[in-house]
Amino acid sequence: MRNPLLLLVCMAAGVLCCGAQQASLEQAREAFQAGSAAYARGDLSGARRQFERAVRLAPAVEEGHSALGVVLFGLGEYRQAITELQTALKMKPADRTAEENLAEVYSQTGAPSQAAALFSRLDRESPLSGQLLAAWARDVAALGNSSEALAIMRRAAVADPQNAAIQDDLGSLYAQAGDWKNAEAAFRDALLLNRRLASAHMHLGAVLGHELQVDAAGEEFAQAAQLDPKNARVQMEWGNALVAANEDQQAIAHYQQAAAMDPDLTDAAYQLALALQRSGREREAILLFEKVVATRPQDAEALTNLGLALVQTGRAKDAVPLYLRAAALTPQNATLHQDMGVAYLQESDVDDAVKEFRAGLKIAPADPHLHYDLGLALKLKDDLPGAIAELESALRLDPQSPDAPYTLGILYMQDGRFEDAVRNLRTALELRPQNGDGWSILGSVYRQQNKYDDAAAALRKAIELLPAQPGPHITLASVLQEQGKHDEAAAERKKAGELTRVAVNRQRAVFATNAGNALLNKGEIADAIARYQEAIGSDPNYADAHRQLAVAFANQGRLTESAAEKQKAEALTENHP
Amino acid sequence: MNRREFLGSLSRSALVLSFADVLRMATPPWAAAQTAPQSRPGAQQSYEAKPMPPPPGPASPIAGTPLGVQFVDVAEHAGLHAKTIFGGEKTNKYLLETTGCGVAFYDYDQDGWLDIFLVNGWRLEGFAKGSEPTCHLFRNNHDGTFTDVTEKAGLARSGWGQACCVGDYDNDGVDDLFVTYYGQNVLFRNNGNGTFTDVTAKAGLLQEKTRWNSGCAFLDYDRDGHLDLFVGNYIDLDLKMAPLPESGPCLYKGILVACGPPGLAPGKNILYHNNGDGTFTDVSEKAGMWTTYGNYALSAAVADFDNDGWPDIYVANDSTAATLYQNQKDGTFRDIAIEAGVGLSPDGKPQAGMGVTIGDYNRDGWFDLAKTNFAGDTDSLYAGINAGNFEDRTYQAGLGVNTRYLGWGIGFLDMDNDGWLDLLVANGHVYPEVNGAKTEAPYAEHKYLYRNLRNGRFEDVSAKAGPGIMAAVPARGCAFGDFDNDGDIDVVVNCVNALPQLLRCDTTWKRHWIRFRLVGVKSNRTAIGARVRVTAKTQPDQPRPAVLMDEVRSGGSYYSQSDLRLHFGLDQASVAEVVEVQWPSGQVDTFRNLKADRLYVVHEGAKEPTAYLLPDMKKV
């Protein structure tokens, strides 16, 4: 907002001197002078009181309304400011200063179309100053006309080349247009003009973050934070830059700072929720998403992400109503239908899942994920032909994804179509060679085809990737048996047996320990001890059983035995952290 | 877990549900529950299975031919009015309420007509005196109907009934009945006059603690001519200690369900040795019953899998590897399930076994095994390939197409008398709670019926086999036998909290068959373990006659006892060229040129069998 008060006061004084009610006018003039002085010292409340008095004393004087409008704007009393400025302009339509002020008020109060129209007219009448051009550019940008906004902002920068804020704004518009190079240049220019302009540091950081220059971005954000330590947006943008570099954990810390600084900054809460969700902390994310959704009930994306977080925590039932709200807002969002289908699947509601996947495919018929999901859902209904058709579509549409060929491989195997199974499993394993289960299944299929050499190779790969799984050893043993390698087969069986025995013994030990814990909680210590000893008998290396036995012994006052068991538990824990 | 990861895990479970996958879906581990009945057709939304062509492979000579067989539920007409009570009908607190009961096709009065014994159950809240559910014995009236003779027979026993099996433990010439319980098992001695006597205590079968006894089978494991007794044990369950669904919470697809069996202590299987004087001795530990990879035994079936003349025991275990107790011929057994290839899924993972059946479906002279598993998994088919070795042929045989339903009872049966064993699976979900959810599989489910295509493969013909197959019921045990003596195999099904099904086989085929009732002399009188090989030219253009085989078997399917008479479909053969009976004693009796379509009663060592015409058992 410009400061027209000195001019205004002089003019007002002239008008007042010529009025009929000399005394009142004199008082009004004095009030104007007092208001002007108050404004000059930054005392907006004092200025308001004086200007309101002046307007009461001389309501027909345009300059009084104009000055009051300016002060009210400064106080954030936008509606009243607009009223006063409009009153002034009714009295004196040619008051360009009032018009410029009104345009700025419109601009600042979220009425960009009114502001832009007024700026446009004023600019046609006489070119606007750099500052007003900048305000106009922001309004045009807010109206979605980026290229025109950029052109106006460029004029602003030319008109006021030393204005760092305008360079900063210019950079922002470049950034919005995706012109990162010019954006970075503009922000750097802004900082050349004013090294202490926190927003320019923040914006430059954001650009560098977008360019994945994480360290450089961090330096800019750090400077911005130092210059404007209470600005939550700096922390939020810093977080955004880290997210762009897949540094969610670091980003979370900055988002948390932003959210703490400004609990009303919904964007920060939302970004924090997303980062937490990506980091597997869905339950924390849900609380934040819920806040965001409460603030922005029409935000389909937030509703969707909240729904997804709920599904991730097994709460599909709660997610579905949110998805339905989001779908009402964005019915043509295929991903949303996919998410909803997944939620239904989690609820084991296969019919509704199929409906959603099909609805998604109507919108996005070439979406491989939707075809894949539909294929799975159909398989759950034992509709093998339908499932295979969908999965084949998924594979055709996204040949680089190992999911569809892997699942197809299993389906063809189940259908006894081993050639097709092998072809698909091999494709899947070329795309994801670390899939131990895949190698195991491929080996099993080769085994069933009597292709023993191929089977053995695949199974050995599975064993390499899944060393603790007995299954591949078992299948390999049967292959070696068929190859006449009886000793090797026996060795594989022995390994499998040992792995199975270890697993079974551990399972027994866990069960017995759990039973012992229940007895201990009921105070049946002797029975609990028996269970713990049974657990240790099954698996002497199960630390929990020793630990709990120590507790039970201690409860019986058998402290020496307790200490011994505790020591064993600690030793086992150290050896098998 | 992001959306894709969730779907990834889902894909695995949707395709091949391993134990680990089940655990992942139900946290903590899954459990079971069962409920109520809605047993009649139409109570559940039925799913129309999409037919799939049989898997590729050798051409089937019967591909595309009419099925010619319909199964019709005649239970109501037959007077099988006894509802099986078992646990809560809507929700279950404990796994104990879920497992249901077995059934026996059992000619207790030796009149040549199969009677039906239905095990019954209990509820946690108990019953007022006088209104307790009991087991039921239905006597065959020879006209398609039955009469409830439970009280008269002395079989009105209540409790958490589980399985039943039949055998003449005291070699007095009439088959006795053994019923397992969560609680004390009962040995009912058949008095031969239509009544039974509880001889449990006298026989030394009282148990000191409450056990969850499960599947049972009589067998003569030491071939001493006296029937011994195997009793599986499921969970060492103490209801006072057992977790409630909400205490886990124990979830299945987001639904609170009963907890277990993982997380609960497994039961220990029992082997009772028959002392030959009407008593038994528990030899479990000494005989190697407790050194197994898997546990949580449900059903058991006995056969000489390695053709060494000694009976072996196969046990379908829940959630862990199955057990194959190989008879070591010295009074002990060794679990060879894993090395024999019958313990795990094709990719080496434990499955949740429920029921088991034995037969030579590919006519290669080695017994094969089929086992039912949990929902989301296939049933299993293991083909015997040589002594002590099997191959998992589930997928090649075409059984991989169905993964949605949860199987319990199962049986090889030659439904169309073509000389090739077909396969029937009785399904029903374990958790009644699924009824309130939109899960892909309901609580009451139809059966799977697979026709043997004679090329190593099966075809799912469920939808073509009549309303008895497609009716949705919460099935558990089922038994196989010809209750109306019309020359084809019928099925009786025990359902939970529902009336039973009696699936009469109606066939349009005019094919031949032959049937044997064996009577041991040196061997146990029931001839359990005796093997019959029938050589016959089932097709006129066959280059070589077919050799069909089976053994007299106690127990099997899920908790059930099928007809002890051995039935063979002969298709076009009006004569069985050679019939060889290999008795447990080692005696081998051979008969030639036996006419088809007759029942032969064969006494061990007899020169000729006695032939009877059905249905009226008219001596020829």
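## A tour of chains A and B

Start by selecting helix 28 of chain A, residues 470-482: its 13 residues reach 19 Å from the first C-alpha to the last, close to the 18 Å expected at 1.5 Å a residue. Bear in mind throughout that this is a predicted model.

Is helix 28 of chain A enclosed by the rest of the structure or open to the outside? Eleven of its 13 residues are buried, so helix 28 is largely enclosed by the rest of the structure. Colour the buried ones: A:Pro470, A:Gly471, A:Pro472, A:His473, A:Ile474, A:Thr475, A:Leu476, A:Ala477, A:Ser478, A:Val479 and A:Leu480. Next, show what covers them, which includes helix 26 (436-448), helix 27 (452-465) and helix 29 (486-521) of chain A, together with helix 6 of chain B. Just after helix 28 of chain A, click on A:Gly484, which takes a positive phi of about 80°.

**Helices 25 and 26 of chain A**

The crossing of helix 25 of chain A past helix 26 of chain A is left-handed.

To see the contact, select A:Phe418, A:Ala421, A:Val422, A:Leu425, A:Arg426, A:Ala428 and A:Leu429 on helix 25 of chain A, then A:Gly438, A:Trp439, A:Ile441, A:Leu442, A:Val445, A:Tyr446 and A:Gln448 on helix 26 of chain A. Sorted by class, the residues of this contact between helix 25 and helix 26 of chain A are eleven nonpolar, two polar and one charged. When reading such lists, remember that an α-helix has 3.6 residues a turn, so residues three or four places apart point the same way.

**Helices 14 and 15 of chain A**

Move to helix 14 (residues 232-244) and helix 15 (residues 248-261) of chain A, whose axes come within 8 Å and cross at roughly 165°. Helix 14 and helix 15 of chain A are therefore roughly antiparallel to each other, and their crossing is left-handed.

Which residues meet here, in helix 14 and helix 15 of chain A? From helix 14 of chain A, select A:Ala232, A:Gln235, A:Met236, A:Trp238, A:Gly239, A:Leu242 and A:Val243. The residues of the contact between helix 14 and helix 15 of chain A divide into nine nonpolar, five polar and one charged.

**Helix 31 of chain A**

The next selection is helix 31 of chain A, residues 543-555. At 1.5 Å a residue its 13 residues should span 18 Å, and its end C-alpha atoms are 19 Å apart, which agrees. Buried residues in helix 31 of chain A are A:Ala545, A:His546, A:Gln548, A:Leu549, A:Ala550, A:Ala552 and A:Phe553. After helix 31 of chain A comes A:Gly557, with a positive phi near 80°.

**Where the chains touch**

Show both chains. The contact takes 53 residues from chain A and 46 residues from chain B. On the side of chain B that touches chain A, helix 1 (3-15) and helix 6 (337-340) of chain B each supply at least two residues. Helix 1 of chain B gives the most to that side, with eight residues. By class, the side of chain B that touches chain A has 23 nonpolar, 14 polar and nine charged residues.

**Backbone details in chain B**

Most residues other than glycine have a negative phi, and most peptide bonds are trans.

- The peptide bond from B:Gly260 to B:Pro261 is cis, with omega near 0°. B:Pro261 sits in the loop between strand 13 (255-256) and strand 14 (270-274) of chain B.
- B:Leu614 and B:Pro615 are also joined by a cis peptide bond, with omega about 10°. Look for B:Pro615 in the loop between strand 38 (610-613) and strand 39 (618-619) of chain B.
- B:Asn485 has a positive phi, near 50°, and is in the loop between strand 28 (475-481) and strand 29 (490-495) of chain B.
- B:Asn593 has a positive phi, near 55°, and is found in strand 36 (residues 588-595) of chain B.

B:Asn593, with 9 other C-beta atoms within 10 Å, is exposed.

Technical notes: Residues numbered from 1 in each chain as written. Chains lettered and ligands numbered in written order. Predicted model: local features only at pLDDT ≥ 70, side-chain atom pairs only at ≥ 80, totals over all residues. Helix = DSSP H or I, 4+ residues; strand = E, 2+ residues; numbered from the N terminus. Expected span 1.5 Å × (residues − 1). Buried ≥ 20, exposed ≤ 12 C-beta atoms within 10 Å, placed from the backbone. Contact = placed C-beta atoms within 7 Å. Nonpolar A, V, L, I, M, F, W, Y, C, P; charged D, E, K, R; others polar. Axes fitted to C-alpha atoms, helices over the stretch in contact; angles between N-to-C directions. Parallel < 35°, antiparallel > 145°, perpendicular 65-115°, else oblique. Left-handed = near helix turned anticlockwise from the far one by under 90°.
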